[in-house]
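Here are some notes to read beside the structure. Keep the viewer open and find each residue as you go.

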Amino acid sequence: MGLAVGVGVLADTLENDSDGAQWFRESFESINEVLAENGLPPHQEPETLPPLDSRDTIGSFPYSWLHHLRRAAAYAAETPGWIATPFPESSDPATDPVVERRTFQLDSHLLCHSDCEGFYVPIRFEEVLFDDDRISGGMLGSSFVLLDELIAVAPALGIRLGGSELSDDEVERINGEVDDESPLWIEQAVWLSLFEAARLSVRHGTAICFG
């Protein structure tokens, strides 16, 4: 089992899985109730989309990998200018005290989210929204804020951006690091998967779905 990070899920299921499409429709209706209660506009998930040009090549990854990226993001937020180096293999990123401290501040959309289910919607809001009854995974994030956080942690992982843009050459270099299992390859692989999902979410107005 692993985490798949998807975009365009309603459009895809309408074409390939009518039962799945109904579940997503109901999920977005519940999300919109929560958004409205927090004074935010509704999310209208597209039912048709052009081909989505994700440059992520791994598709899915073990749930535990997400915690490696979260640990890097927590350390980078805690110490400006921090540069990642490999942690001991025996260390558990999910129980790292820096990760726990930053997570309990409840202001990071990367850290404060289920690691196996749930959504980010392409609406900007600063505080993570919590609702165990109506939101899959209990927490709803903003694709815009997730993208901001990924941009912020990129230098710590040795990822070179042009402002907020990730060039095809840099994508190729990152994928090469992942293929070679370089020292930070897990963090970089998860970063690229989430960055591409957030980029497409913002560009096309479609939610990110963890599943």
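Predicted model: local features only at pLDDT ≥ 70, side-chain atom pairs only at ≥ 80, totals over all residues.

1. Gly118 and Tyr120 point to one side of the strand.

2. Now look at what runs alongside strand 3. Strand 6 (residues 208-210) pairs with strand 3 in the antiparallel sense, over three bridges. Within that pairing, Gly118 has Phe210 as its bridge partner. Strand 5 (residues 139-142) also pairs with strand 3, but in the parallel sense. That pairing has three bridges too. Here the bridge partner of Phe119 is Leu140.

3. Is Ser114 buried or exposed? Its relative accessible area is 10%, and the cut-off for buried is under 20%, so Ser114 counts as buried. A polar atom of the Ser114 side chain lies 3.1 Å from the backbone nitrogen of Cys116. A polar atom of that side chain also lies 3.1 Å from the backbone nitrogen of Glu117. Leaving out residues up to four places away in sequence, Ser114 touches Arg70, Gly137, Met139 and Phe210. Phe210 is the bridge partner of Gly118 in strand 6.

4. Arg71 deserves a check. This residue lies in helix 3 (residues 63-78). Why does Arg71 count as buried? Because its relative accessibility is 2%, and buried means under 20%. Which residues does Arg71 contact, beyond its neighbours within four places in sequence? They are Phe87, Ser91, Asp92, Pro93, Asp96 and Val99. Look closely at Phe87: the charged end of Arg71 sits over its ring, 3.7 Å from the centre. Compare Thr57, which is 14 residues from Arg71 in sequence. In space, the two are 22 Å apart, C-alpha to C-alpha.

5. Last, the rings. How many aromatic pairs does the structure hold? There are 12. One of them is Phe24 with Phe28, a stacked pair. Their centres are 6.5 Å apart, with 25° between the planes. Both residues lie in helix 2 (residues 18-37). They are four residues apart, about one turn of the helix. Phe24 and Phe28 are both buried. Together with Trp23 and Phe119, they form one aromatic cluster.

Note on methods
Residues numbered from 1 in each chain as written. Heavy atoms only, no water. Buried < 20%, exposed > 50% of the residue type's maximum accessible area, 1.4 Å probe, protein only. Helix = DSSP H or I, 4+ residues; strand = E, 2+ residues; numbered from the N terminus. Pairing = 2+ DSSP bridges. Contact = heavy atoms within 4.5 Å. Polar contact = N/O pair within 3.5 Å; in protein donor to acceptor, adjacent residues only side chain to side chain. Phe/Tyr/Trp six-rings, centres within 6.5 Å; stacked < 30°, edge-to-face > 60°. Lys NZ or Arg CZ within 6 Å of the ring centre and 35° of its normal.
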